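Have a look at the fold before reading on.

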Amino acid sequence: MAWRIIRAAAWLVPSRLRSEWLLEWQGELAAAEARANDWPKAKRDLTRHALGAFIDAFWIRQREVADLQAIDDIRHGVRQLRQHAAFAVTTVAILALSMAGSIVAFSVVTQMLLRPLPYPAPDRIVTLWERVPDAAGRNYVAPGNFLDWRARQTSFSHLAALDPYSYDYLGGDRPEVVKAVKVTEGFFQAFALQPVFGRYFLPDEHKKGNDKAVVLSERFWRSRFNADPSIIGRSIPLDDGAYVVIGIAPNEFQPHLQEYAPGDRDLYTAKAIEEFEPRIRVSGYWGVVGRLKDGVTLEQARAEMEAISLQLAKEYPPTNKDVRSDVITLREHLVGDVRPAVTLFTAAVLAVLLIACVNVTNLLMARGSVRQQELIVRSALGASRRRLVGQLLVETLLLASAASVAALALAQAAMRGLASWGPRDVMWIDALHVDSGAVVFAVVLASFVTLAAGLIPAVRLSRGGLQATAHRTTTADRSQRRLRSALVVAEVALALMLVSGTTLMLRSFINLLQVDTGFRQDGVLVLQMFAWDRNNGPAALRTFHQRIVDSVGQLPGVETVGTVQAMPFIESNVDIQSAVRLIDQPAPPPGQGIRSSINVVSPGYFEAIGARLLAGRLLDDRDGPDAPRVVLVSDAFVERYLAGVNPIGQRIEYRSAGKPAQSQIVGVVRSLRHDRLDAAPRAEILIPYAQSPTGTITLVARTRIDPQPLIENAKAQVWRIDPQQTFFRTATLEELVDRTLITRRFALLVLTGFASLAVLLAAAGLYGVLTTIVSQYRREIGVRMALGAAWIDILRLIVMRGLVVSAIGVAVGLAGVLGGARVLQSFLFSVAPTDPLAIGGAALLMFTIAAVACYIPARRAAGEDPVQALRMD
Amino acid sequence: MRLTYPTALVLQALLDGHHHGFDIMDATGLPSGTVYPILRRLDAEGCVRSRWEKEGVARREQRPPRRYYELTSGGKTIAIDARERTQAMAEAGKRLLRPVESEG
């Protein structure tokens, strides 16, 4: 390091002295290195000493050459700025705010989007998905399809599926849920990351009966077993037995392949293919990862997978007619979704940065007219034009450097905020910080700002200085005014773009909050549990189910209790689908069969969640295990498949738990939203719990009081029935819905911040320009008023001038809004990116602000005594 | 000549037998960005003269030769004068300067 610094500093030394100078420093460094015994400390010291070489080099250069007056300029600049502290502080504040935004944007791009994945040859790792032809979006893979893909493919050296799972870990004080994933052969090999200790699964361990092997995550191993390596080979108690620990997967290993099982996994177990799984082709719920063979390109792999899925479409038309495959790189999968947000964010940041530069330009010019005198004197004393430009630029550079230091601090604070309050499910957001790249970027940014904001004023002012005019020339005034008007146009245009983007997002957000979810969010508590282990068979499940419903129902404050298998808005909300046949309807043409989501609910569920009955009846105690089989359907189901038919009394056939079942539709309920507010409602068949008991139970209780404090009481009630029962997720329904809004709310918040800043800066810029114009017009105003013009005429004259400038800005901004509509598209919901109300509103707002910014200086000028104005100068 | 406090310290160090830039830094505790310009100024004013260390010494220690600074007779006078003239400064200097022998 020290040697490199010396070599860099040597360039400052005049070439005549350079080689000897370099030898002297190198001689000292070599001697010091030879003497050093505490190496890290010596290294630090030498780096510090070497940095001093810059001062030495500067000193020599200053003495030897007359051309570089940088130090002088800096000294002069500092003196200037100290004398005009208000100006300096304002400028630094404006620049710091906008530069901080740019540094955050830069860090997000380099530390999140471009972050290297911790695996060898990471670009060869891909994820595979199902997709519907000509439709956007990717779906998880159905087990049957995965098994055929794996058997037929030749593009991948490893192709593995993962099936998220949770176990009850019984080795602690109390049973607890640990998050796991069952993986098929080749999963770890696809990532090619060595275990910390032990090994990964052998092919044999993926066979039924041999599959009681577990790989711990490093985090789990450190927290539960104090990083004890002797755990390898011992067994740990998980719900259905003892699992032998065979290896430890390193912390960097975070596959993040499934959205409904987010975050880190505690353990990995070997997946053995179940006998029924090859037949499942309708519901996709497996994540698939693969490593491309050497020499196979992504395109070749895509083409092969496309061919395989077309074969499967021919072989299994009822299920696979509309199923294709998609192969994307792991990186794209991890960060692809974040990209539009980052683009939007970067655009906003850039707009604010440009506005800030424009404002600083304006400030510099305004101050320049005050400094004209100084510059005239300096040029009269023999300062060259180049010298004056350099001097002015150095001043701006000083401001920009101070701003960049402040901006780095602000950016660090902002990124900490982003890490704690930003959307959690965005990968790596918690690792954001100011790194060396960000510091370098801040330096580059400061230079950019210096040139962008400082060059025009520097060149202009130095020209004014050289003209050395004792009296002001009106042409110079006019061209300066024109330039400053152009700057205001730019400011207004950029601010308008930000404001209309914000109003569009605000409208989307309001639309989203008004979406009919089909349920009532307030006053609902939710306990998700998996109760398969100690309740074997339908009868036992029914008993357990009835007991927990009754027992939670007895809690004071609880109104009604129900249960559901697929709970709306919960993280692990798996969409189980089935092919459905409407028995009383004409058979659909082949390949156009009906697919519907299947859900299991208890009678109390509808009242507890606040679902609305549209036709027929709800479920009740009549619909017991031995009663005729009945179902409810959602109105989305009716709209799609029973349009124009009375749904009540229709008989349908579907598969439940792998077996075909026939039922009669007895009622229609308003569809419930399941995943996000902006996703279409599910076409859903709701089966009574008594007729199809399941261990996947989410208990839903409507409460008369705030549900949050009741969660612990509800858990205690369940523990009275089974002290070993664990809870996979507990929450209030409001929390669950809110979670899906975080990203949007956050984006809205950020954009609102930027837009407000932009409006503020634009207003300040407009006000500044008009104030100068007015002061230059004072004589004219005085004459006019002396000749009898009413003050309202003067007011109109000035305000009009400002409004014309603003109007041009608004027009340019509107063009920008329409051009940039595409960037916003993915953030909007039920509102067009060219929505006239939002954009018109933004334009009106900008106009109003412009009018106010014009009115104040105009009013002041019009109210002035004409005699005073004429006496001026 | 202009005798600032750091300049006086550098003169002391030279008087006490420190002859290389980095040694003077260690002895005075001044940063390199202060010591070097002072040496250059003293050189220009004729208070010190500099030459390259003898080839043999450097070769024996397998490193490039170092620059060797020593006081001229004029410089020595100024240095002694400075020490005597400002007793307080000398006191401060003594406290700051470690004798060269103890370095080994």
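This is a predicted model: local features need pLDDT of at least 70, side-chain atom pairs count only at pLDDT 80 or more; totals for chains, interfaces and linings use all residues.

Strand E13 (residues 577-582) of chain A and strand E17 (residues 651-656) of chain A line up antiparallel, with 2 bridges between them. One spot to look at is Leu582(A), whose bridge partner in E17(A) is Ile652(A). E17(A) also pairs with strand E18 (residues 659-669) of chain A, again antiparallel, this time through 6 bridges. There, Ser656(A) sits opposite Lys659(A) of E18(A). A handy reminder while you look at these: in a regular strand, side chains alternate between the two faces of the sheet.

Zooming out, here's how the chains look one by one.

| Chain | Feature | Value |
|---|---|---|
| Chain A | Elements | 26 helices and 21 strands |
| Chain A | Buried residues | 42% of 873 residues |
| Chain A | Contacts with a separation of 6 or more that join residues 24 or more positions apart | 83% |
| Chain B | Elements | 6 helices and 2 strands |
| Chain B | Buried residues | 33% of 104 residues |
| Chain B | Contacts with a separation of 6 or more that join residues 24 or more positions apart | 58% |

Reading chain B from its N terminus, the elements come in the order α-α-α-β-α-β-α-α.

Now for the insides. Nonpolar side chains tend to be buried together in soluble globular proteins. In this model, the largest nonpolar core counts 108 residues, and Leu95(A), Met99(A), Ile103(A), Ala495(A), Leu496(A) and Ala758(A) have the most contacts inside it. Helix H12 (residues 339-380) of chain A gives this core its largest share, 16 residues.

What does Met99(A) touch, once residues up to four places away in sequence are left out? Its contacts are Leu353(A), Ala403(A), Ser404(A), Ala407(A), Ala442(A), Leu445(A) and Val449(A). There's also a second, separate core of 58 residues, with Phe519(A), Phe544(A), Val561(A) and Ile685(A) among its members.

Finally, where the chains meet: 16 residues of chain A and 16 residues of chain B take part in the contact. Sorted by class, the chain B side comes out as 7 nonpolar, 4 polar and 5 charged residues.

Methods
Residues are numbered from 1 along each chain as its sequence is written. Chains are lettered from A and ligands numbered from 1 in the order in which they are written. Two residues are in contact if their C-beta atoms, placed from the backbone, lie within 7 Å. Ala, Val, Leu, Ile, Met, Phe, Trp, Tyr, Cys and Pro count as nonpolar, Asp, Glu, Lys and Arg as charged, and the others, Gly among them, as polar. A nonpolar core is a set of buried Ala, Val, Leu, Ile, Met, Phe, Trp, Tyr and Cys residues joined through C-beta atoms within 7 Å. A residue is buried if 20 or more other C-beta atoms lie within 10 Å of its own, exposed if 12 or fewer, and partly exposed in between; C-beta atoms are placed from the backbone. Helices (H or I, at least four residues) and strands (E, at least two) are DSSP runs, numbered from the N terminus. Two strands pair if DSSP finds at least two bridges between them.
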